[in-house]
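The sequence and the structure come first, followed by the description.

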Amino acid sequence: MSPKNVAEPEEITGQSALPISRIKKIVQLDDDIVQCSNNATFVIAMATEMFIQYLAEQGHNVVKSERKPRKTVQYKDLATAVSHIDNLEFLSDVIPKTTTYKQFKENKAKDAAKHAEMEKGQRTLNGSSSVPSNTNGASAESTLPQPEVAILSPSVPRTPVVPVSALIADRTVDHSARNDPDIEMKD
């Protein structure tokens with residue numbers, strides 16, 4: 001007699017628990033794959049079964065590690081397994097950790113405040129916000145030492161201060177118009 005908690009080895013039947021026709025349809029959705037043989041589809045089905053089994057085992061290990069173990073594996077157990085096991089890290093977007101409604105509201109309020117702050121000031125080329133300042137090209141929070149301004153006499157002509165945003169030029173070139181006398185700028 002064998003104990004009830006010892007699992008018997010699986011019998012190899014050559015059958016997949018997942019429907020092969022469904023897997024073929026999913027594979028056909030990929031534009032890069034022109035054809036997929038029946039053997040390759042079967043291997044994909046078996047690999048998928050093994051992955052699902054591994055994910056379920058890791059979720060079960062999380063349940064067993066609790067002080068008061070449960071009999072069912074829940075979503076939060078899978079999310080914990082994904083966040084703690086390096087092999088499952090690629091699933092962090094698919095199976096994220098759950099948050100309470102209160103935490104969700106707080107995060108939403110922080111994001112809204114950050115978005116409102118970004119809309120107030122100017123944006124840089126990479127889309128981040130910069131604090132408007134009185135100096136040309138430097139932010140108000142700049143810790144770099146500012147050069148001393150020399151007092152110019154009225155007889156010395158001053159060069160106009162050009163804002164940094166005005167120095168950005170449109171480098172798009174219309175190749176269809178070859179008679180254009182403008183010269184294309186190259187780096």
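## Aspartate 77 and its surroundings

Leaving out residues up to four places away in sequence, aspartate 77 touches Gly59, Val62, Val63, Glu66, Arg70 and Thr72. The structure is a predicted model. Aspartate 77 belongs to helix H3. With a relative accessibility of 1%, aspartate 77 counts as buried, because the cut-off for buried is under 20% relative accessible area.

Threonine 80 is also a residue of helix H3. Its relative accessible area is 19%, so threonine 80 is buried under that cut-off of 20%. Apart from residues up to four places away in sequence, threonine 80 touches Val62 and Lys97. Between the C-alpha atoms of threonine 80 and proline 96 the distance is 8.7 Å, with 16 residues separating the two along the chain.

The buried residues in H3 are Asp77, Ala79, Thr80, Ala81 and Val82. Against which helix do the buried residues of H3 pack? They pack against H2.

## Overall fold

The protein chain contains four helices and two strands. Their order along the sequence is α-α-α-α-β-β. The chain has 187 residues, of which 11% count as buried. Its accessible surface is about 17200 Å², and carbon and sulfur atoms account for 56% of that area.

In soluble globular proteins, nonpolar side chains tend to be buried together. Here the largest nonpolar core consists of nine residues: Leu55, Val62, Ala79, Ala81, Val82, Ile85, Leu88, Leu91 and Ile95. At least two residues of this core come from each of helix H2 (38–64) and helix H3 (75–84). H3 provides the largest share, three residues.

Isoleucine 95, a member of this core, is in contact with Leu55, Tyr75, Leu78, Ala79 and Val82 when its neighbours within four places in sequence are set aside. Leu55, Ala79 and Val82 belong to the core as well.

## Helix packing

| Helix pair | Angle between axes | Distance between axes |
|---|---|---|
| H2 and H3 | about 100 degrees | 8 Å |
| H1 and H2 | about 100 degrees | 10 Å |

For the pair H2 and H3, the axes are 8 Å apart and the angle is about 100 degrees, which means that H2 is roughly perpendicular to H3. On the H2 side the contact involves Leu55, Gln58, Gly59, Val62 and Val63, and on the H3 side Asp77, Leu78, Thr80, Ala81 and Val82. By residue class, this contact has six nonpolar, three polar and one charged.

Helix H1 covers residues 20–28 and packs against H2 at about 100 degrees, so H1 and H2 are roughly perpendicular to each other. H1 contributes Ile20, Ile23, Lys24 and Val27 to the contact, while H2 contributes Asn38, Thr41, Phe42, Ile44 and Ala45. The residues of this contact divide into six nonpolar, two polar and one charged.

Technical notes. Residues numbered from 1 in each chain as written. Predicted model: local features only at pLDDT ≥ 70, side-chain atom pairs only at ≥ 80, totals over all residues. Heavy atoms only, no water. Buried < 20%, exposed > 50% of the residue type's maximum accessible area, 1.4 Å probe, protein only. Areas by Shrake-Rupley, 256 points an atom, 1.4 Å probe, with all protein chains shown as cover. Core = buried A, V, L, I, M, F, W, Y, C linked by side-chain atoms within 4.5 Å. Contact = heavy atoms within 4.5 Å. Axes fitted to C-alpha atoms, helices over the stretch in contact; angles between N-to-C directions. Parallel < 35°, antiparallel > 145°, perpendicular 65-115°, else oblique. Nonpolar A, V, L, I, M, F, W, Y, C, P; charged D, E, K, R; others polar.
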